[in-house]
Every structure is written in C-alpha cells, then in structure tokens.
Amino acid sequence: AGGEGRREYMALSICAAFATGAAALSPAALPAPAAGRAAVCMQGGGAAAGIGGSGGPGLQWGGVENDPNFKTAKLSDKLKEADIERRLESEAIAAREEAVQRAREERARKVALLTQIPDDVKAGTVDDFMYKEGVKDILEKLDYDLIGLTPVKQRVREIASLLVVDKMRLKLGLETSVPSLHMGFTGAPGTGKTTVALRMGQILQRMGYCRTGHVVVATRDDLVGQYVGHTAPKTKEMVKKAMGGILLVDEAYYLYNAANDRDYGQESIEILLNVMENNKEDLIVVLAGYKDKMDKFYSFIPGMASRIGNHIEFPDYEDDELVEIGKVMCRELEYKLGPGAEPALKDYLSKRKRMPFFANARTVRNAIDLARMGSAIRVFNEKMSPSSNGMVSEDELMTIMPDDFPAPEDGLTGIED
C-alpha cells in the first residue's frame with residue numbers, strides 16, 4: 001500500500017510540473033519577439049504543432065517573413081562557398097610557401113657561390129662565355145635562317161648580351177635578378193616572328209632562363225571558350241603546355257573585344273597577366289600582331305603593356321630580300337633557279353606586293369610551291385610527247401624555269417595566310 005501511494009504521489013508531481021512549465025512557456029507569458037527579427041515560440045494546438053502529444057505545447061515559426069534584413073540560404077550553397085574559400089586559401093598559402101622556398105634556395109646558392117669563388121677569380125671573356133653557352137652558334141644560325149631583318153637581329157643580340165653579362169655577374173657572385181623577358185612582336189604576317197621566337201627560346205634555354213626553350217603558338221581559339229566556365233580551363237591548359245618555354249600568342253588583340261564587356265576573352269587576359277607576373281621565371285609570353293592593332297590593344301590593357309619588357313618590330317621585306325628568301329627555300333628543297341628564273345621571281349613578287357593578302361615570306365613559299373608544280377607539269381608534258389624518248393635527267397628535275405612561275409593573279413586563287 002505504501003508503494004502504491006508513492007507512485008501516485010510521483011505521478012501527480014510530474015503532472016503539476018508539466019502544467020507549470022506549459023503555463024510559463026505560453027504565448028501570453030513570453031515576451032513579444034523583437035521587431036525585424038525571427039523568433040520561435042511555443043503554442044498549443046494539436047499533435048501537428050506539439051512536441052510529444054496532442055494538445056501539448058509545440059514549436060512554431062514566429063518570425064517576420066517579409067523582413068528584408070532576414071536572409072536565408074541553402075546549406076549546400078554555404079558549404080560550396082566555404083569549400084571554394086578553403087581551396088583559394090590553400091592555393092594562396094602554397095604559392096607563398098613556394099615563393100619563400102625559391103627565395104631560400106636562391107639565397108643558399110649565392111652563399112655557396114660566394115664561399116667557393118676565390119677573390120682573384122676572373123669572369124672570363126664575353127666571346128668565350130658566348131661560345132661555351134652556345135649563344136654564338138644560335139645567333140649565327142639566326143643570321144643564316146633570316147634574310148634581312150637587321151633591326152630584329154640587333155635587338156635579339158642586345159637581349160642576348162644582357163643575359164650573357166648577367167650570367168658573368170652570377171659567376172662572380174654579384175647580385176643578379178631575372179630580367180623581364182616577356183616580349184611583343186609587331187609586324188605583318190610572314191616576317192619571321194615565329195622563327196625569332198624559336199631562336200630566342202633556344203638562347204634562353206642555353207642560358208638557363210627557361211627549362212626547355214620550346215615554343216607553343218596559340219590564338220584566340222586556343223585560349224577563349226564559347227560558354228561560361230570554358231575559358232579558364234582552355235587558357236590554363238595552353239599555359240601548362242608552354243611552361244618551361246615560350247607561349248607565343250599570335251594576333252593577341254583578338255583576345256579583347258572592346259564592344260562587348262562580357263566577352264570571355266577578358267578572363268583569358270586576366271589569367272595571362274597573373275601568369276606573366278607570378279611565373280616569369282618559368283614562362284615567357286610573346287604577344288604578336290600588327291603594330292597598329294597591338295598599340296590599340298595595349299591602350300585597352302595597360303597592365304599588359306607594363307609587363308612587356310622587350311618590343312621588337314619586324315619590317316616588311318624588300319624585293320631583293322624576298323628573292324634571296326626564295327633562293328634559300330629552293331636550296332633547302334634541292335632546287336635551283338634556271339636562266340632567267342630569278343628576274344621572273346622578282347617580277348612576280350613585286351606585283352604580288354601590291355595585291356591583297358600579301359604575306360612576305362609565306363607568299364614567297366607559295367610562289368616556290370607553284371613554280372615547282374609548274375616545273376613538274378612542264379617536264380611531264382615534255383617527256384610524254386611523241387618526239388621525246390621519255391628520259392629525264394637530274395638537272396631537269398632540279399631546275400625551275402621562268403615560265404614555271406604563275407601569273408600574280410593566280411596566287412590569289414589559293415588561301416593566303
């Protein structure tokens with residue numbers, strides 16, 4: 001009986017406690033929510049609103065739905081934002097640590113160099129240094145490969161001189177820093193911009209300013225995407241291919257469209273600017289195109305102009321230089337110009353210069369190709385005639401005659417660069 005009474009007493013006490021708590025949490029007993037803030041209140045009214053049974057108090061939204069200061073967001077969006085922020089922060093930390101490590105290694109190298117070099121050591125002669133590094137051979141090959149272009153060759157020699165002297169200073173342990181090697185090439189098509197870029201890559205590789213010295217040629221189609229989120233991966237992929245060498249962006253002004261501020265090319269330019277600044281020790285960017293259009297491009301993107309340390313202008317070839325280029329091409333293809341063929345080539349090129357789509361050395365190459373075709377047709381028809389014995393000599397297979405060159409108008413029937 002005593003146990004039964006105790007259980008009855010405890011049940012009554014629990015009921016009384018629940019009643020007191022419900023009264024304390026009722027809407028009448030709670031203070032009104034502050035204006036403009038969300039609140040959660042307890043209300044009675046059925047199992048749908050209650051916590052633990054019918055008729056009991058329950059949780060209910062008590063905020064102001066129309067409050068403009070109250071903002072909601074999906075948890076997935078917030079998690080995604082946090083993940084992007086963490087990734088960007090990790091990349092920034094990694095970049096800083098890499099820069100610190102490079103600076104530490106450079107300092108250790110200089111200290112080791114200073115301790116190893118005797119006080120009376122000499123840097124040596126410039127000629128010996130250029131020969132040992134292979135720069136002299138590359139410059140001679142540039143003279144051999146390129147006809148004319150004296151200002152261009154002089155500018156390349158000036159850059160090579162800076163690099164040689166810088167390496168001589170390094171040999172003595174003097175303070176050195178990587179100069180700005182990003183370049184701007186301006187000139188018409190076919191003036192040797194890609195060839196000079198290849199030779200510069202070889203010079204820089206021999207001098208230790210880039211790892212491989214290879215050249216990757218890119219245009220707008222290679223760098224700019226066609227929809228949102230496509231440009232960054234394309235640009236970064238081309239940059240990745242060019243790392244350790246040279247990225248030559250041909251007709252770079254097409255990256256920027258002044259008439260459309262939402263053009264995707266702007267994103268590619270921003271990536272290139274960042275790479276040119278932060279990876280200048282492992283990548284050299286060369287921007288090429290017509291001078292007037294490149295000047296306009298630099299005016300729109302001042303950050304790009306300030307990062308280009310070397311501007312080289314490629315002039316158009318003279319008629320005699322074009323003929324010399326044609327003779328070099330024939331020599332490389334094991335052809336020779338027969339009697340009267342050289343004046344015929346000069347006459348053809350001088351007339352083509354006044355026509356549309358003239359492209360300097362590329363037009364010469366097209367002219368030589370057309371002349372080779374004309375020579376083949378001539379030899380074939382001669383040896384197939386009834387009066388011929390059909391025998392062809394080596395000299396006939398190697399000689400281009402004046403009549404083998406087409407009329408200047410025929411050069412426009414093909415696709416010129």
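Predicted model: local features only at pLDDT ≥ 70, side-chain atom pairs only at ≥ 80, totals over all residues.

Residues are numbered from 1 along each chain as its sequence is written, and side-chain values use heavy atoms, with hydrogens and water left out.

Switch to a cartoon view. The protein chain has 15 helices and nine strands; helices (H or I, at least four residues) and strands (E, at least two) are DSSP runs, numbered from the N terminus. Of the contacts between residues at least 6 apart in sequence, 71% join residues at least 24 apart; a contact means heavy atoms within 4.5 Å.

**Stop 1: the cores**

Select Phe185, Val196, Met200, Ile203 and Leu204. Within the largest nonpolar core, which has 52 residues, these five touch the most other members. A nonpolar core is a set of buried Ala, Val, Leu, Ile, Met, Phe, Trp, Tyr and Cys residues joined through side-chain atoms within 4.5 Å. Keep Ile203 selected and show what surrounds it. Not counting residues up to four places away in sequence, Ile203 touches Val135, Ile138, Leu139, Val156, Ala160 and Leu163. A second, separate core holds 28 residues, including Ala242, Leu272, Met276 and Tyr298.

**Stop 2: helix 10**

Select residues 291-300, which form helix 10, and find its buried residues Met294, Phe297 and Tyr298. Seen down the helix axis, the buried residues fall within an arc of 100°, so they line one face of helix 10; the arc is that of the directions from the helix axis to the C-beta atoms. The face turned away from the buried side carries the exposed residues Asp292, Lys296 and Ser299. To see what the buried residues of helix 10 pack against, show strand 3 (183-187), helix 9 (265-278), strand 6 (284-289), helix 11 (302-307) and strand 7 (310-314).

**Stop 3: a pocket**

Select Gly190, Gly192, Thr195, Ala361 and Arg362. Among the 31 residues lining the second largest pocket, these lie nearest its centre. On a 1 Å grid over the protein atoms alone, a pocket is an open set of points where a 1.4 Å probe fits, with protein on both sides within 12 Å along at least five of seven lines; lining residues have an atom within 4 Å of a point. Helix 14 (361-384) is among the elements that supply at least two lining residues, and the largest share, five residues, comes from helix 14.

**Stop 4**

Select Gly338, in the loop between strand 8 (336-337) and helix 13 (341-352). Is Gly338 buried or exposed? At 12% relative accessibility, Gly338 counts as buried. Gly338 and Met401 are 63 residues apart in sequence, yet 5.1 Å apart in space, C-alpha to C-alpha.

Most residues other than glycine have a negative phi. Glu251, in the loop between strand 5 and helix 9, has a positive phi of about 50°. Glu251 is partly exposed, at 32% relative accessibility. Finish at Asn360, in the loop between helix 13 and helix 14. The phi of Asn360 is also positive, near 50°, and Asn360 is buried, with a relative accessible area of 1%.

Conventions. Buried < 20%, exposed > 50% of the residue type's maximum accessible area, 1.4 Å probe, protein only.
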